Amino acid sequence: MTDLLHLPDESRYELIAGRLVMLDWTPVHQDLCLNLLLAVSEYCPGNLLPSLHVSVAVDRRHEFRPDVLVMRTSCADVSPLPVTEVVLAVEVLASHDRFHDLYDKAKVYAKAGVGSYWVIDPLQERIMLTEYALGSGREHEQVAHTEDLFVTERPWKVSVDLPALTARRNDLLATDAE
């Protein structure tokens, strides 16, 4: 982990099971993340701070950068953020890191006690959101899976209009061939 301190500040990476994984976010991916951040921010309590791509230190073998996260404001100026301060982690799947987001990170986040974990899949015809909540035995349990309007009360009331996000993504990816 000390080797990570020598990487340039602008490096976009994660440490997953001791392996350095470089990240590459497309503008469409970033647009989706921004819209998710806005949805999460709408009713966010004042003691919490939603943010994009913050480095989260889990242990010596794991340092993640969730696409969107919500942290306690007491650590708003800390980097990397201790995983114990993460209230919600959101990962937007990309073709190159699908397995890590769906399996590796979910297990590590659960073991570390992150209460809410969302996985957004924009690689399907319609954008899908799967919500996981921390259950007994420090494992995430799936509590929602939808491509429609997503509404949850965990960790507070949040709604995400997935059909609108799908339409926006499709508009951004449309060609000018007409």
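Predicted model: local features only at pLDDT ≥ 70, side-chain atom pairs only at ≥ 80, totals over all residues.
Trainee: How many helices and strands does the protein have?

Mentor: The protein has three helices and 13 strands. Buried residues make up 48% of its 178 residues.

Trainee: What makes aspartate 31 and arginine 168 a salt bridge?

Mentor: Their closest N and O atoms are 2.7 Å apart. The cut-off is 4 Å, so the pair qualifies as a salt bridge. The structure holds four salt bridges.

Trainee: Why is this pair said to tie together parts of the chain?

Mentor: Aspartate 31 lies in helix H1 (residues 27-41) and arginine 168 in helix H3 (residues 162-173), so the parts joined are 137 residues apart in sequence.

Trainee: Is aspartate 31 called buried or exposed, and why?

Mentor: Its relative accessibility is 16%. Buried means under 20%, so aspartate 31 counts as buried.

Trainee: And why is arginine 168 called partly exposed?

Mentor: Arginine 168 has 38% relative accessibility. Partly exposed lies between the 20% limit for buried and the 50% limit for exposed, so arginine 168 takes that label.

Trainee: How do you know that the length of H1 agrees with what a helix should span?

Mentor: At 1.5 Å a residue, the 15 residues of H1 should span 21 Å, and the end C-alpha atoms are 21 Å apart, so the two values agree.

Trainee: Which residues of H1 are buried, and what covers them?

Mentor: The buried residues of H1 are His29, Asp31, Leu32, Cys33, Leu36, Leu37, Ala39 and Val40. The cover includes strand E3 (48-52), strand E6 (68-72), E8, E9, E13 and H3.

Trainee: What makes glutamate 91 and lysine 105 a salt bridge?

Mentor: The N to O distance between their side chains is 3.3 Å. That is within 4 Å, so this pair is also a salt bridge. Glutamate 91 is in strand E8 (residues 86-92) and lysine 105 in helix H2 (residues 98-112), 14 residues apart. Both glutamate 91 and lysine 105 are buried.

Trainee: Where is serine 116, and which residues does it contact?

Mentor: Serine 116 is in strand E9 (residues 116-121). Leaving aside neighbours within four places in sequence, serine 116 is in contact with Val87, Leu88, Ala89, Tyr132, Arg154 and Pro155. At 5% relative accessibility, serine 116 counts as buried.

Trainee: How many aromatic pairs are there, and why is the pair of tyrosine 109 and tyrosine 117 called tilted?

Mentor: The count comes to four aromatic pairs. The ring centres of tyrosine 109 and tyrosine 117 are 5.1 Å apart and the planes are at 50°. An angle under 30 degrees would count as stacked and one over 60 as edge-to-face, so the pair is tilted. Tyrosine 109 is buried at 0% relative accessible area, and tyrosine 117 counts as buried at 0%. Ring pairs link Phe64, Tyr109, Tyr117 and Tyr132 into a cluster.

Trainee: What makes the pair of tryptophan 118 and phenylalanine 150 edge-to-face?

Mentor: Their planes are at 80°, with the centres 5.1 Å apart. The angle is over 60 degrees, so the pair is edge-to-face. Tryptophan 118 lies in strand E9 and phenylalanine 150 in strand E12, so the pair ties together parts 32 residues apart in sequence. Tryptophan 118 is buried at 0%, and phenylalanine 150 is buried at 2%.

Trainee: How many disulfides are counted?

Mentor: The count comes to zero disulfides. As for burial, cysteine 44 counts as buried at 18% relative accessibility, and cysteine 75 counts as buried at 11%.

Methods: Residues numbered from 1 in each chain as written. Heavy atoms only, no water. Helix = DSSP H or I, 4+ residues; strand = E, 2+ residues; numbered from the N terminus. Buried < 20%, exposed > 50% of the residue type's maximum accessible area, 1.4 Å probe, protein only. Contact = heavy atoms within 4.5 Å. Expected span 1.5 Å × (residues − 1). Disulfide = S-S within 2.5 Å. Phe/Tyr/Trp six-rings, centres within 6.5 Å; stacked < 30°, edge-to-face > 60°.
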